[in-house]
Amino acid sequence: MINKFLNTVSVLMMLVPWTILPLRCFEWALKSPAAEIMISCYAAFMIFSGIFTIYIYVKRNLRNNLMKVCLIVNGLYAVFGIAAFGLMGM
């Protein structure tokens with residue numbers, strides 16, 4: 001039961017970063033303080049979801065095909081989140 005729940009959480013974490021696209025259509029989301037805050041929050045969430053999925057894959061030994069897809073996608077999200085923080089720091 002817990003494995004299905006963890007799979008569901010990982011899949012939902014895989015879909016959440018795409019919600020930034022509709023938000024960026026608003027004028028307020030393109031202006032300076034709101035844009036940086038929103039990108040920082042999404043980058044932090046992407047890093048957290050990557051770490052969470054890697055932890056579940058390694059420590060909980062949850063290694064089905066869906067989890068492997070979540071591991072690859074959320075791992076890439078974590079790398080891009082770190083890159084976003086790096087670019088914002090420059």
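1. Read along the sequence, the protein chain runs α-α-α-α, with 4 helices and 0 strands. Helices (H or I, at least four residues) and strands (E, at least two) are DSSP runs, numbered from the N terminus. This is a predicted model, in which local features need pLDDT of at least 70 and side-chain atom pairs count only at pLDDT 80 or more, while totals for chains, interfaces and linings use all residues. Residues are numbered from 1 along each chain as its sequence is written, and side-chain values use heavy atoms, with hydrogens and water left out.

2. Taken along the principal axes, the C-alpha atoms of the protein chain fill a box of roughly 45 × 25 × 15 Å. Of its 90 residues, 32% count as buried; buried means under 20% relative accessible area, exposed over 50%, and partly exposed in between, with a 1.4 Å probe and protein chains only. Among contacts (heavy atoms within 4.5 Å) with a separation of 6 or more, 72% join residues 24 or more positions apart.

3. How do α1 and α4 pack? Helix α1 (residues 2-15) meets helix α4 (residues 65-89) at an angle of about 40°, and their axes are 9 Å apart. Because of that angle, α1 is oblique to α4. Axes are lines fitted to C-alpha atoms, for helices over the stretch in contact, and angles run from 0 to 180 degrees between N-to-C directions. Angles under 35 degrees count as roughly parallel, over 145 as roughly antiparallel, 65 to 115 as roughly perpendicular and the rest as oblique. On the α1 side the contact is made by Asn7, Ser10, Val11, Met13 and Met14; on the α4 side by Leu66, Met67, Val69, Cys70, Val73, Asn74 and Tyr77. The crossing of α1 and α4 is left-handed, a term used if the near helix is turned anticlockwise from the far one by less than a right angle, with right-handed used if clockwise.

4. Next, α1 against α3. Their axes come within 10 Å and cross at roughly 150°, so α1 and α3 are roughly antiparallel to each other. Here α1 contributes Leu6, Val9, Ser10 and Met13, and α3 contributes Phe45, Phe48, Ser49, Phe52, Thr53 and Ile56. α1 passes α3 in a left-handed crossing.

5. Ser10 lies in helix α1 and is buried, because its relative accessible area is 0%. Leaving aside neighbours within four places in sequence, Ser10 is in contact with Phe52, Thr53, Met67, Cys70 and Asn74. Thr53 lies in helix α3 (residues 32-59) and counts as buried, because its relative accessibility is 0%. With neighbours within four places again left out, the contacts of Thr53 are Ser10, Met67, Cys70, Leu71 and Asn74.

6. Phe45 is also found in helix α3. Is Phe45 buried or partly exposed? Phe45 is partly exposed, because its relative accessible area is 26%. Not counting residues up to four places away in sequence, Phe45 touches Met13, Val16 and Pro17. Phe45 and Leu87 are 42 residues apart in sequence and 17 Å apart in space, C-alpha to C-alpha.

7. The loop between α3 and α4 holds Asn61. Phi of Asn61 is near 55°, a positive value in a residue other than glycine. Asn61 is exposed, because its relative accessible area is 53%. From Asn61 to Gly75 it is 14 residues in sequence and 17 Å in space, C-alpha to C-alpha. Gly75 is found in helix α4 and, leaving aside its neighbours within four places in sequence, is in contact with Gly50 and Cys70.

8. Finally, the rings. Rings of Phe, Tyr and Trp (its six-membered ring) pair if their centres lie within 6.5 Å; planes under 30 degrees apart count as stacked, over 60 as edge-to-face and the rest as tilted. By this rule the count comes to 2 aromatic pairs. One of them joins Phe26 and Trp28, which are stacked at 5.9 Å centre to centre with 15° between the planes. Phe26 counts as partly exposed because its relative accessibility is 43%, and Trp28 counts as partly exposed at 47%. Elsewhere, Arg63 lies over the face of Tyr57, at 4.6 Å from the ring centre; a charge sits over a ring if NZ of Lys or CZ of Arg is within 6 Å of the ring centre and within 35 degrees of the ring normal.
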